[in-house]
Amino acid sequence: MNHFDYRNGVLHAEDVPLTLIAEQVGTPVYVYSQATLERHFQVLNEALAGTDHLICFAMKANPSLGVVATLAAMGAGADVVSEGEARIAMAAGIPAERIVFSGVGKTEEELVFALESGIGQLNLESYEELLELSHLAQRMGKTARIALRVNPDIDAGTHAKITTGLKENKFGIDWTQAHTVYKQAMRLDGIEVVGVAVHIGSQLTDLQPFQDAFLRLRDLTLMLQADGIPIQRIDLGGGLGVPYEPGVNETPPLPSEYAKVVKSCVGDLGCKLVFEPGRLLVGNAGILLTKIVRLKEGAVKSFVVVDAGMNDLMRPALYDAYHDIVPVKEPKPGAAKRAVDVVGPICESSDVFAAGRLLPMLYKGELLAFGTAGAYGASMASEYNGRPLIPEVMVKGDRFAVTRARPTYDAMIAAQKLPDWMG
Ligand code: LLP
């Protein structure tokens with residue numbers, strides 16, 4: 001459910017017509033709905049009612065300050081994978097103790113930062129990282145609260161590029177070795193073992209892989225507890241999918257169904273449950289608003305060339321991802337449609353948002369909205385092809401605010417500097 005609807009023939013974000021945002025901020029632009037964000041958080045939180053839990057928003061999905069501050073105000077923590085994300089989380093009002101620091105390549109500087117700032121949980125991905133952290137913590141006179149991220153060797157059944165829980169993936173510690181590493185962790189100074197963690201992939205549309213992974217974690221937790229290792233937290237990662245293509249086989253389970261699986265697998269272990277959802281919270285809370293630059297009739301195809309490019313929204317180019325595309329001006333019911341390729345201006349053949357998509361007759365200058373662009377849209381954008389990062393707008397009711405301004409070309413160039421020998 002989201003708050004992007006047609007009213008009086010114009011697509012709105014909550015009570016704001018997208019035409020108004022395009023006029024005042026220009027295109028392309030990301031537009032987020034605060035009410036949708038709040039609703040998504042609430043639905044998940046309510047589904048988990050009755051458990052001792054902490055929802056740590058996976059910042060990589062959308063580290064926009066307004067987005068993070070909205071979730072922070074509702075009690076969310078953060079799952080971060082870099083010092084930068086941790087700093088953004090804290091700037092948005094998330095206390096350090098509600099932050100989980102994940103990632104396979106935390107640098108020494110980042111581990112020091114985590115220890116200094118009192119991050120609540122460090123998810124470690126290797127024995128090597130554990131040893132390094134123990135040395136650093138002892139040197140600093142600190143204690144690191146750690147969980148080991150276990151690799152359960154379970155196929156999440158999602159796109160190969162976003163699967164993380166198979167033993168050939170770089171992530172986590174093989175679940176068969178986890179017990180040994182925990183025993184080593186218990187002997188290390190500067191380390192306090194608090195939990196176990198798992199994350200098997202993203203955009204999962206089936207509950208079975210979650211259940212398989214959670215049951216592995218259950219067995220491990222019971223084994224560790226029996227061995228006197230004080231597991232108090234079970235971090236179940238993120239990964240629950242969202243509907244990108246309404247009505248098509250990718251219909252993900254509801255948060256309530258996911259919560260049932262969680263409760264049945266690990267609800268009785270007396271542990272705090274930690275979650276790291278990203279896409280579920282922000283995916284459908286954002287759209288990418290773009291304008292048609294021109295219509296081009298190719299030799300065998302009709303192209304709709306828009307002002308957004310793969311640098312602004314990489315998902316279709318990178319994962320063949322589907323995003324719904326709708327005109328901001330509501331098409332007449334039963335309006336004729338034709339198959340077009342919606343493409344960006346980037347000089348790569350992969351800069352295609354949709355191929356052979358059935359859309360109503362469109363015209364130059366018309367506005368289009370790409371749906372479900374709130375997750376991994378702005379956060380993965382780049383300046384490729386000399387295109388400044390596009391702005392982000394937050395909507396609340398009938399108000400909207402630019403939370404990231406479009407940089408001028410001068411500002412983009414000023415971020416660089418010539419070497420002194422080039423005068
Ligand atoms: N926790 C960990 C350790 C993760 O690696 C991820 C995502 C999450 C949580 C959040 O997963 P989510 O709930 O959002 O599925 N760029 C890709 C997705 C990459 C996901 C990476 N890790 C995309 O656009 O589909």
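# Working through a two-domain model

The centres of domain 1 and domain 2 sit 35 Å apart, taken over C-alpha atoms. This is a predicted model, so keep that in mind as you go.

**Exercise 1. Find the two domains and describe how they touch: how many residues does each supply to the contact, and which three residues supply 54% of the area that domain 1 buries?**

Step 1: get the bounds. Domain 1 comes in two pieces, 4-31 + 283-414, while domain 2 is the stretch 103-275.

Step 2: look at the contact. Nine residues of domain 1 take part, and nine of domain 2.

Step 3: turn to area. Between them, the two domains bury about 840 Å², with 56% of it on carbon and sulfur atoms. On the domain 1 side, Tyr319, Tyr322 and Thr372 account for 54% of the area buried against domain 2, more than any other three residues.

**Exercise 2. Pick apart the largest pocket: which residues lie nearest its centre, and what classes make up the lining?**

Step 1: start with volume. The largest pocket holds about 740 Å³ of space.

Step 2: go to the middle. Of the 41 lining residues, Lys60, Thr164, Phe171, His199 and Tyr376 are the ones nearest the centre.

Step 3: sort the lining by class.

Step 4: trace where the lining comes from. Domain 1 and domain 2 each give at least three residues to the lining of this pocket. Helix H10 (279-282) and helix H11 (315-319) each supply at least two.

**Exercise 3. Take the salt bridge between Glu83 and Arg87: how far apart are the closest N and O atoms, and where do the two residues lie?**

Step 1: check the distance. The closest N and O atoms of Glu83 and Arg87 are 2.8 Å apart, and a salt bridge needs them within 4 Å.

Step 2: The structure holds twelve salt bridges.

**Exercise 4. Examine the backbone: what is omega between Thr27 and Pro28, and what is phi at Asp153?**

Step 1: recall the background. Most peptide bonds are trans, and most residues other than glycine have a negative phi.

Step 2: inspect Pro28. The bond joining Thr27 and Pro28 is cis, with omega about -5°. Pro28 is in the loop between helix H1 (18-25) and strand E4 (29-33).

Step 3: inspect Asp153. Although Asp153 is not a glycine, its phi is positive, about 55°. Asp153 falls in the loop between strand E9 (144-151) and strand E10 (173-174).

Methods. Residues are numbered from 1 along each chain as its sequence is written. This is a predicted model: local features need pLDDT of at least 70, side-chain atom pairs count only at pLDDT 80 or more; totals for chains, interfaces and linings use all residues. Side-chain values use heavy atoms; hydrogens and water are left out. On a 1 Å grid over the protein atoms alone, a cavity is a set of points where a 1.4 Å probe fits but cannot get out, and a pocket is an open set with protein on both sides within 12 Å along at least five of seven lines; lining residues have an atom within 4 Å of a point. Grid points are joined across faces, edges and corners, and a volume is the space filled by probe spheres set on the points. Helices (H or I, at least four residues) and strands (E, at least two) are DSSP runs, numbered from the N terminus. Domain bounds come from an automatic or database domain assignment. Contact means heavy atoms within 4.5 Å. Buried area is the accessible area (1.4 Å probe) that two parts lose on being put together, summed over both. A salt bridge is a side-chain nitrogen of Lys or Arg within 4 Å of a carboxyl oxygen of Asp or Glu.
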